[in-house]
Structures are given as structure tokens and as C-alpha cells.
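Me: Could you walk me through this structure one feature at a time? I'd like the general idea each time, then the case at hand.

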Amino acid sequence: MKAVTRDITIVSRLGADERTLAFDVLDGLTRPFKEIPPKHFYDTEGARLFDEITRLPEYYPTRCERAILEARAADIVRDTGAAELVELGSGVPTKTLLLLDAMRAAGTLDRYVPFDVSEVVLRESAENLVERYPGLRVVGVVGDFERHLGALPPAEGPRIIAFLGGTIGNFPPGTRRKFLRALRRALRPQDVLLLGTDLVKDPAVLEAAYNDSAGITAAFNRNVLAVINRELDADFDLDAFEHVAFYDREQEWIEMRLRALTPQVVEIRKLGITVHFANREELRTEISAKFTRERLEADFAAAGLGLRSWMTDPDDLFALSVAGPARR
Ligand code: AVJ
């Protein structure tokens, strides 16, 4: 028997030009309203805590999205004839398997292109997937999908670019449209975007999902301070900050913050700065936008995209959209 050649390629775009944690912390903690972008939550511990969040009774998005994919992956694959799956922020692929299984069943599966900041995570999942799907080619891209979409290998067959989990909600509206426009440019007429979005609903349900009774989301939120302590040699006292999460009805997004319980003085030695927090001063750590079909269609239209398919769970909590280059 011939040894199977594993067809795995990893390309990296993370280099010296990096917009790093250091840049974001210096920029974000010296503003009048302090803010750290949510992408810095995900060190090993943060990724573990997020994984725990996805299994909490109050956190419905992951379960709903998986249920939609279970019901509709075959339709999505049939309608697109997809041979390639690009996944942005792939992390550890679980929902991905539902799409790859459908592509294999349709006989079109050829390439998987995961895009993630973590090379370790990419390699591990690539190894698992070539084992599970003999003949699958994997091209992993290590980078920040907000800036490095240009690093995607050119499409060969019809392609699905999947951006799941509702992570697009982390972008403020202007950035969101800019990102959708960049995705539009990456799509050929035969390609589609598969986008997961959390939906506007009863604020009590939304707020419970970000204020779980086990306190996992609170630990996840505070973990960003541990990341800064470790990476930038800072001395945040994690116990001196409380987790805050609320639904902003005007903006239609969940906002997460960390609130100083007493005045705080924090040294960030690697940056050579001292940061002061007034009593009860808040640091914004995340926005997570919630959508209606109308608002998302407007965002798509502004980016030159057209909605092809709208799929929700039975309770209309979460949506998966298929969008393609607008046909004129
Ligand atoms: C990974 C961005 C989709 O916004 O629901 C979960 C992150 N934050 N609980 C979300 C998160 C707090 C999650 N996303």
C-alpha cells in the first residue's frame, strides 16, 4: 500500500507589520472611553472559556446555528455546487464538519481553506480533516481576516466563504459594511458567503446569554486582563473589575464591559504607561450586534451583495444567510 500524501499547506500573513495587542492596548486604554477589541479574548484560556460558553443553557447561538446547519447543509451545498469551503475564524471545526460532510455526500468536496490567527489550531484541525476526508486538500491561512483576505488562495471550484457564529456582530456598523465589501470583492459570480447572525429578540433572553448564572462569561470577559498582564507585563487586579453586559436597544447590540470596583492604577510595563481607572469607570471589551433580516439585507445591498437564502431555527433566534454578488 502506498503511503497517503497529506495535502496540507499553511500560509502565514502574521508578521512584523502586525496591529498587535500592544498597539490596541496603547490606543484603547489611553482614550477618554477605554476600549479593547474583542479579538484579544482568545488566548488558550479564553478559547477554552468560550467553548464552555457555547455549552451553557443560556447561550443559544451555537446550538441554534448547528441545528440550522444540520437541517440545511445539504441544500446549501446543492444550490452552490461548492467544491471549496473557506472558513473565517475557523478555530476548532465542529460545525464545519456538517458542511464538509454535505460536500462529500454531494461528491463535490475538494478543498478546505481555514483562516485563523492560531497556526497551532490550524495545523491540528488540518491533520484531523485530511484523515477524515481522504483526498481533501487543506490550505490553511494564518492571519487576521479583517486585514488579510487577500491572502486567500485563488478559488478553483465554486466556493463557500463561511463566517459563522455571529462573529460579524463584533464589528461596529461602518467596519461591518467595509468588511462585507471586502468579502464581496473576494467572491466570483459562482461563489457565496454563508453568514451566521444572531437576531434581535426579547432583551431578557439576550441579556441572559451574556450574564450566565455559572459566571463563565464573566470569567471570559476578565480573562482579557490576564492576557494583557501576561503579554504586556501589566498588573491588572482581575478581582477589582466586575463583568457588565447589557442590551443597547438603540444600537441593537449587546455590550460587554469591565467596571472598576474602586479607583485603579495599572502599570503596563511593556508599554511604559500607567493607566488610571476612576471609581466605577468602565472599559468596553465587546459589542455583539443583533440583526433583523431587513437590516442585514440593507448591509448586503450596500456591499454589492444580494440575499439568496435566509434560514432560521424554529424559534427565530439565529439566522444563517447565503448571499452572493448582486445580480443586476
Ligand atoms: C464569538 C463573537 C459570536 O458575541 O456571542 C460570547 C462572543 N462573548 N459571550 C458572541 C461572546 C460573550 C460571541 N462571538
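Reply: Strands here are DSSP E runs of at least two residues, helices are H or I runs of at least four, and both are numbered from the N terminus. Two strands pair if DSSP finds at least two bridges between them. This is a predicted model, where local features need pLDDT of at least 70 and side-chain atom pairs count only at pLDDT 80 or more, while totals for chains, interfaces and linings use all residues. Residues are numbered from 1 along each chain as its sequence is written, and side-chain values use heavy atoms, with hydrogens and water left out.

Me: Which residue of strand 13 is the bridge partner of Asp198?

Reply: That's Phe318. On strand 5 (residues 159-163), the pairing with strand 6 is parallel, over four bridges. There, Ile160 sits opposite Val192 of strand 6. Between strand 5 and strand 6 the chain passes through helix 6 (residues 173-186), and this β-α-β crossover is right-handed. Right-handed means that, with the strands pointing away from the viewer, the path from the first strand over the helix to the second runs clockwise.

Me: How do I read the two faces of strand 6, and are its residues buried or exposed?

Reply: In a regular strand, side chains alternate between the two faces of the sheet. In strand 6, Val192, Leu194, Gly196 and Asp198 point one way, Leu193, Leu195 and Thr197 point the other way, and all are buried. Buried means under 20% relative accessible area, exposed over 50%, and partly exposed in between, with a 1.4 Å probe and protein chains only. Seven of the seven residues of strand 6 (residues 192-198) are buried, so the strand is largely enclosed by the rest of the structure.

Me: What does Glu65 touch?

Reply: Contact means heavy atoms within 4.5 Å. Not counting residues up to four places away in sequence, Glu65 touches Lys95, Leu164, Gly165, Gly196, Phe318 and Leu320. Glu65 belongs to helix 3 (residues 61-80), and its relative accessible area is 0%, so it counts as buried.

Me: How do I see which face of a helix is covered?

Reply: An α-helix has 3.6 residues a turn, so residues three or four places apart point the same way. Take helix 7 (residues 203-210), where the buried residues are Pro203, Leu206, Ala209 and Tyr210. Down the helix 7 axis, these buried residues fall within an arc of 125°, so they line one face. The arc is that of the directions from the helix axis to the C-beta atoms. Among what covers the buried residues of helix 7 are strand 6, helix 8, strand 7, strand 8 and strand 11.

Me: What caps the N-terminal end of helix 7?

Reply: Asp202 does, with a side-chain oxygen 2.9 Å from the backbone nitrogen of Ala204. A polar contact is a pair of N or O atoms within 3.5 Å; within protein, one must be able to donate a hydrogen and the other to accept it, and residues adjacent in sequence count only if both atoms are side-chain atoms.

Me: Which residues are closest to the ligand?

Reply: Near means that one of a residue's heavy atoms lies within 4 Å of the molecule or strand. Here 14 residues surround the ligand, and the closest are Tyr59, Gly165, Tyr210, Glu286 and Ser288. A polar side-chain atom of Tyr59 is 2.5 Å from a ligand oxygen atom, and one of Glu286 is 2.6 Å from a ligand nitrogen atom. For Ser288, a side-chain N or O atom lies 2.7 Å from an oxygen atom of the ligand.

Me: Where does Glu286 sit among the strands, and what is it paired with?

Reply: Glu286 is in strand 11, as the bridge partner of Met256. Strand 8 and strand 11 pair in the antiparallel sense over seven bridges. Strand 8 (residues 253-260) is mostly covered, with seven of its eight residues buried. Strand 8 also pairs with strand 7 (residues 241-248), antiparallel over eight bridges, and in that pair His243 has Leu258 as its bridge partner. The hairpin of strand 7 and strand 8 has four residues between the strands, and Glu252 there takes a positive phi near 55°.
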